[in-house]
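Trainee: I have the sequence and the coordinates open and would like to go through them with you. May I start with a helix and then move on?

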Amino acid sequence: MKEGPDIARIAALIGDPARANILTALMTGKALTASELAQEAGISLQTGSAHLAKLEQGGLIAMRKSGRHKYFRLAGDEVAGVLEALMGLAAGAGQLRTRTGPRDVAMRRARVCYNHLAGEMGVRMYAAMLERGYLRQQGETLLLTSEGEVFVGSLGIDLAGLPRSKAPMCRECLDWSARQSHLAGRLGRAMLRHFIAQGWARRDKDSRVIRFNPAGTAAFDKLFGARAEPD
């Protein structure tokens, strides 16, 4: 095929192990420096700068300056969605990296997926909102119902005041660890911000883990149902 989108170029950019590590590090939603990303990728700063240039030229990341420093982040929600889908595909095919210690358990329970809540708690929130009629699937579109608007408003989230973005209000995102969907889009982003602002949860400084404290877990369970205990 000689016409149409060049998926081979994008796939090659993502497929390099060092660049894949850089992109995964940016799934925290934070803007990181070249030295921070090189450390995440396990490569030298010079090599990392070359990879960052390729990713920027390919439209996968964006750079902004702040004083003397340059910071990099994913180019947008669309890139994050592709990366999370690839993570799901890799997990389903059994292509998983193993990591010892409690972090893997914490990652599966609750983590940030670019800018929204993922993991078991994200999946539970999405399922509860669907079951209670707050969200509705209409073809491939995910809609917030009038009942959902009332529920979100009761949390203190001002939908009209959400930052403007090309992202839809609601979007379904496949969760790589649970192999089920969680909530993305502007509402998914606002929900995670709300949990953190309420003091229910915090983001780990050096990972994608979201840690809910006991009070936050209890509040979350009250809203979206308690976690099912294994038999």
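Trainee: Which residues are buried in H9?

Mentor: Please bear in mind that this is a predicted model. In H9, the buried residues are Gly185, Leu187, Gly188, Arg189, Ala190, Met191, Leu192, His194 and Phe195.

Trainee: How many residues does the helix have, and what is its reach from first C-alpha to last?

Mentor: Helix H9 covers residues 185–197, which is 13 residues. Its end-to-end C-alpha distance is 18 Å, close to the 18 Å expected at 1.5 Å a residue.

Trainee: What follows H9?

Mentor: Glycine 199 follows H9, and its phi is positive, near 80 degrees.

Trainee: What is arginine 189 in contact with, leaving aside neighbours within four places in sequence?

Mentor: On that basis, arginine 189 is in contact with Asp77, Asn115, His116, Ser165 and Ala167.

Trainee: Which residues line the largest cavity?

Mentor: Its lining consists of Leu162, Pro163, Arg186, Arg189 and Arg193. By type, the lining divides into two nonpolar, no polar and three charged residues.

Trainee: And the second largest pocket: what is its volume?

Mentor: The second largest pocket holds about 240 Å³ of space. Its lining has 14 residues, and Gly29, Tyr114, Asn115, Arg189 and Arg203 lie nearest the centre.

Trainee: Changing topic to strands. How many bridges join E1 to E2?

Mentor: Six bridges join strand E1, residues 61–66, to strand E2, residues 69–74, and the two run antiparallel. Within this pairing, alanine 62 stands opposite arginine 73 in E2. The hairpin has two residues between the strands, and glycine 67 takes a positive phi near 65 degrees there.

Trainee: What about E5 and E6: in which sense do they pair?

Mentor: Strand E5, residues 135–138, pairs with E6 in the antiparallel sense over four bridges. Glutamine 138 has threonine 141 in E6 as its bridge partner. In this hairpin, which has two residues between the strands, glycine 139 has a positive phi near 65 degrees.

Trainee: Where do the side chains of E6 point?

Mentor: The side chains alternate along E6, residues 141–144.

Trainee: One last residue. Is leucine 23 buried or exposed?

Mentor: Leucine 23 is buried, at a relative accessible area of 1%. Leucine 23 is placed in helix H2, residues 17–25.

Trainee: What does leucine 23 touch, not counting residues up to four places away in sequence?

Mentor: Leucine 23 touches Ile14, Leu55, Leu60, Ile61, Leu74 and Leu83. The C-alpha atoms of leucine 23 and phenylalanine 212 are separated by 25 Å, with the two residues 189 apart along the chain.

Key
Residues are numbered from 1 along each chain as its sequence is written. This is a predicted model: local features need pLDDT of at least 70, side-chain atom pairs count only at pLDDT 80 or more; totals for chains, interfaces and linings use all residues. Side-chain values use heavy atoms; hydrogens and water are left out. The expected span of a helix is 1.5 Å times one less than its number of residues. Buried means under 20% relative accessible area, exposed over 50%, partly exposed in between (1.4 Å probe, protein chains only). On a 1 Å grid over the protein atoms alone, a cavity is a set of points where a 1.4 Å probe fits but cannot get out, and a pocket is an open set with protein on both sides within 12 Å along at least five of seven lines; lining residues have an atom within 4 Å of a point. Ala, Val, Leu, Ile, Met, Phe, Trp, Tyr, Cys and Pro count as nonpolar, Asp, Glu, Lys and Arg as charged, and the others, Gly among them, as polar. Contact means heavy atoms within 4.5 Å. Two strands pair if DSSP finds at least two bridges between them. Grid points are joined across faces, edges and corners, and a volume is the space filled by probe spheres set on the points.
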